[in-house]
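Please look over the sequence and the model first.

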Amino acid sequence: MSAAAAVILVAALATASAIARRSNEEAAPPRSLRIAVVGDDYTAGRQNRVVWPTLLAQRTGWSVSNFALPGAGYLADGAGGYAFTYQVDRARGADPDFILVVGGLKDTGFPEVAPINAGAIAAIHKIVLGGERPLLIGPTWYETPVPEAVSRVSDAVQSAAKSTGVPYLDALDPPWLSPRLMQADLAYPTDEGQSLLADRVAAWVRTEVVR
C-alpha cells in the first residue's frame, strides 16, 4: 500500500468512526439550522444580484453563511487558499450545525480522480473532527450529455461520501440547470438559475436533517 493510500484509509476510518458516534446521539436536528456553505463559482456567483445561499436563508429561515470562492474545488485552489479544505477552516468559525460542500467543477482540469477523492475525504474528515456535520452535493451542469470530466468529479466525490458515510446528492442525474438558466458565456448561473439551485438544495437538506 502506498503512503498516499494509507493516509486516505486512516482518514476514512477516523471519519467513519466519528460519524458513527454522532449518529448515536439522541438529540434531534435543530429546527433553526445553522449552515455554512463551501463551494465554487456557481455558489460564489458573478454578476448576480443574489446567490443561492442567500435565497436559501430567506426561504427557509435558516442561518446560512456563504464561504464559497471562485476558482475553488477539492483540488483547485483559485487565487491560493481558496480550495474547499481552506474554506472549511473558515466555515467552522461560523459555528454551524452543518457544513454543506457543493460543487467541484474546477476540478475537471485534473486528469486523475484519486487526488479528487482524497481531497473530498480530507474535507469531510476536517468537518467531522471539528464537531460539525458534513453534507455533500456534487457538481451540476446545464446540458446533456454531461461532459465526461464533470461526471468523473461527481463520481470521485460520491465515492468519498459513500466511504465515510456522509449524505451525498448527485446533481447530474439529470443536470439541475439548462442553457436558459446560464449567463451568456455559460460559465455562471443567472439569477433565475441561482433561484432554482436554492430550491433544490433546500428540498434535499430538509430530507436529510429536518425529519
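The structure is a predicted model. Its protein chain holds 7 helices and 5 strands. Buried residues account for 47% of the 211 residues in that chain.

**Overall layout**

- Read from the N terminus, the elements of the protein chain follow the order α-β-α-α-β-α-β-α-β-α-β-α.
- Contacts between residues at least 6 apart in sequence can be sorted by separation, and 76% of them join residues at least 24 apart.

**The sheet**

- The 5 strands make up an open sheet, ordered β2-β1-β3-β4-β5, and the pairing in it is parallel.
- The edges are taken by β2 (63-66) and β5 (168-169); each has a single partner strand, so one side of each lacks a neighbour in the sheet.
- Helix α7 (residues 191-209) packs on the sheet and touches β1, β3, β4 and β5. The direction of α7 makes about 140° with that of β4.
- At the β2 end of the order, β1 and β2 pair in the parallel sense over 4 bridges. In this pairing, N66 in β2 is the bridge partner of V37.

- Strand β3 (residues 98-102) is largely enclosed by the rest of the structure, because 5 of its 5 residues are buried. A residue counts as buried when its relative accessible area is under 20%.
- Both faces of β3 are covered. One side carries F98, L100 and V102, the other carries I99 and V101, and all of these residues are buried.
- On one pairing, β3 joins strand β1 (residues 34-39) in the parallel sense over 5 bridges. There, I35 stands opposite F98 in β3.
- Strand β4 (residues 133-137) also pairs with β3 in the parallel sense, over 5 bridges. In that pairing, I99 stands opposite P134 in β4.

**Helices α5 and α6**

- Helix α5 (residues 114-129) packs with helix α6 (residues 148-164) at an angle of about 45°, and their axes lie 8 Å apart.
- Angles under 35 degrees count as roughly parallel and those from 65 to 115 as roughly perpendicular; α5 and α6 are therefore oblique to each other.
- The crossing in which α5 passes α6 is right-handed.
- From α5, the residues in the contact are I116, N117, A120, I121 and I124. They meet V153, A156, V157, S159, A160, A161, S163 and T164 in α6.
- By type, the residues of this contact of α5 with α6 divide into 9 nonpolar, 4 polar and no charged.

**Residue A198**

- Is A198 buried or exposed? With a relative accessible area of 1%, A198 is buried, because the cut-off for buried is under 20%.
- Leaving aside residues up to four places away in sequence, A198 touches W52, L55, L56 and R59.
- V51 is 147 residues from A198 along the chain, yet the C-alpha atoms of the two are separated by 8.2 Å.

Terms used. Residues numbered from 1 in each chain as written. Predicted model: local features only at pLDDT ≥ 70, side-chain atom pairs only at ≥ 80, totals over all residues. Heavy atoms only, no water. Axes fitted to C-alpha atoms, helices over the stretch in contact; angles between N-to-C directions. Helix = DSSP H or I, 4+ residues; strand = E, 2+ residues; numbered from the N terminus. Parallel < 35°, antiparallel > 145°, perpendicular 65-115°, else oblique. Left-handed = near helix turned anticlockwise from the far one by under 90°. Contact = heavy atoms within 4.5 Å. Nonpolar A, V, L, I, M, F, W, Y, C, P; charged D, E, K, R; others polar. Buried < 20%, exposed > 50% of the residue type's maximum accessible area, 1.4 Å probe, protein only. Pairing = 2+ DSSP bridges.
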